[in-house]
Amino acid sequence: MTVPQQPARGRRPWLAPLVLLFLVLVPVIEVWLLVSVAQQIGALPTLAILIGQAILGGWLMRREGAKAWRALNESVSSGRLPGGELLDPVLIMVGGVLVMLPGFFTDVFGLIFLLPFTRPLARGLLQLFIARRAARSGIDLNVMRAKMERDTVIRGETVPEEPTRDSAPKPSGQASDPTVIKGEIEP
């Protein structure tokens with residue numbers, strides 16, 4: 001006798017059909033748009049636009065990607081916790097691929113990810129999505145941010161104290177006192 005299994009907590013049975021629908025609909029929309037544009041302006045101008053979009057996507061991805069990597073490196077080398085600098089390279093790579101794919105529908109999303117004045121919107125939506133997923137998982141991002149802030153760290157050093165006559169080694173079998181740390185905090 002088999003016992004029916006309960007779906008695992010957090011599983012979404014509707015997600016797989018939704019992804020499948022997305023994978024079917026996007027190419028259908030792309031082909032429909034390509035045919036519609038080709039009927040309006042002709043096949044050669046449509047092909048020229050597609051080639052131009054691929055070149056523009058590659059150029060934008062290279063330019064914006066270099067800026068994003070520089071910002072990420074500066075953030076890490078200065079000791080700051082990277083925020084948007086961490087997501088920008090990912091958005092730029094995805095945007096570049098979407099713009100270089102032949103079609104007009106994916107180009108809209110690719111340009112939103114690539115252009116510097118629309119990328120903050122995409123980054124904000126992605127951060128919101130990540131924060132919601134973390135909250136559902138029980139992760140408190142505010143606690144993590146507080147732990148990572150550099151202003152909350154107190155820097156210091158240990159200075160060995162000179163041994164005194166009272167600190168002679170105790171015979172085995174006697175319990176030693178717990179270690180006491182003496183010092184002062186300097187501003």
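Asp-88 counts as buried, at 10% relative accessibility, in this model, which is predicted rather than determined by experiment. The side chain of Asp-88 meets that of Arg-123 in a salt bridge, with 2.9 Å from N to O, and this pair belongs to a network in which salt bridges that share partners join Arg-63, Glu-64, Lys-67, Asp-88, Arg-119 and Arg-123.

**Asp-88 and Arg-123**

- Arg-123, the partner of Asp-88 in the salt bridge, is buried as well, with a relative accessible area of 19%, a value that falls under the 20% below which a residue is called buried.

**Glu-64 and its two partners**

- Side chains of opposite charge can pair when their charged atoms come close.
- Glu-64 is buried, at 2% relative accessibility, and it forms a salt bridge with Arg-119 in which the closest N and O atoms are 2.8 Å apart.
- Because Glu-64 lies in helix 2 while Arg-119 lies in helix 5 (residues 119-136), this pair ties together parts that are 55 residues apart in sequence.
- Arg-119 is itself buried, with a relative accessible area of 6%.
- Glu-64 also forms a salt bridge with Lys-67, where the closest N and O atoms are 3.7 Å apart.
- Glu-64 and Lys-67 both lie in helix 2 (residues 43-77), where three residues, or about one turn of the helix, separate them.
- Lys-67 counts as partly exposed, at 40% relative accessibility, whereas Glu-64 counts as buried.

**The aromatic pair**

- A pair of aromatic rings is described by the distance of the centres and the angle of the planes.
- The count of aromatic pairs comes to one, and this pair is formed by Phe-105 and Phe-109, whose ring centres are 5.5 Å apart and whose planes stand at 80° to each other.
- The arrangement is called edge-to-face, because an angle over 60 degrees between the planes is counted in that way.
- Phe-105 and Phe-109 both lie in helix 4 (residues 105-114), and they are four residues apart, which is about one turn of the helix.
- Phe-105 is partly exposed, at 27% relative accessibility, and Phe-109 is likewise partly exposed, with a relative accessible area of 39%.

Key
Residues are numbered from 1 along each chain as its sequence is written. This is a predicted model: local features need pLDDT of at least 70, side-chain atom pairs count only at pLDDT 80 or more; totals for chains, interfaces and linings use all residues. Side-chain values use heavy atoms; hydrogens and water are left out. Rings of Phe, Tyr and Trp (its six-membered ring) pair if their centres lie within 6.5 Å; planes under 30 degrees apart count as stacked, over 60 as edge-to-face and the rest as tilted. Helices (H or I, at least four residues) and strands (E, at least two) are DSSP runs, numbered from the N terminus. Buried means under 20% relative accessible area, exposed over 50%, partly exposed in between (1.4 Å probe, protein chains only). A salt bridge is a side-chain nitrogen of Lys or Arg within 4 Å of a carboxyl oxygen of Asp or Glu.
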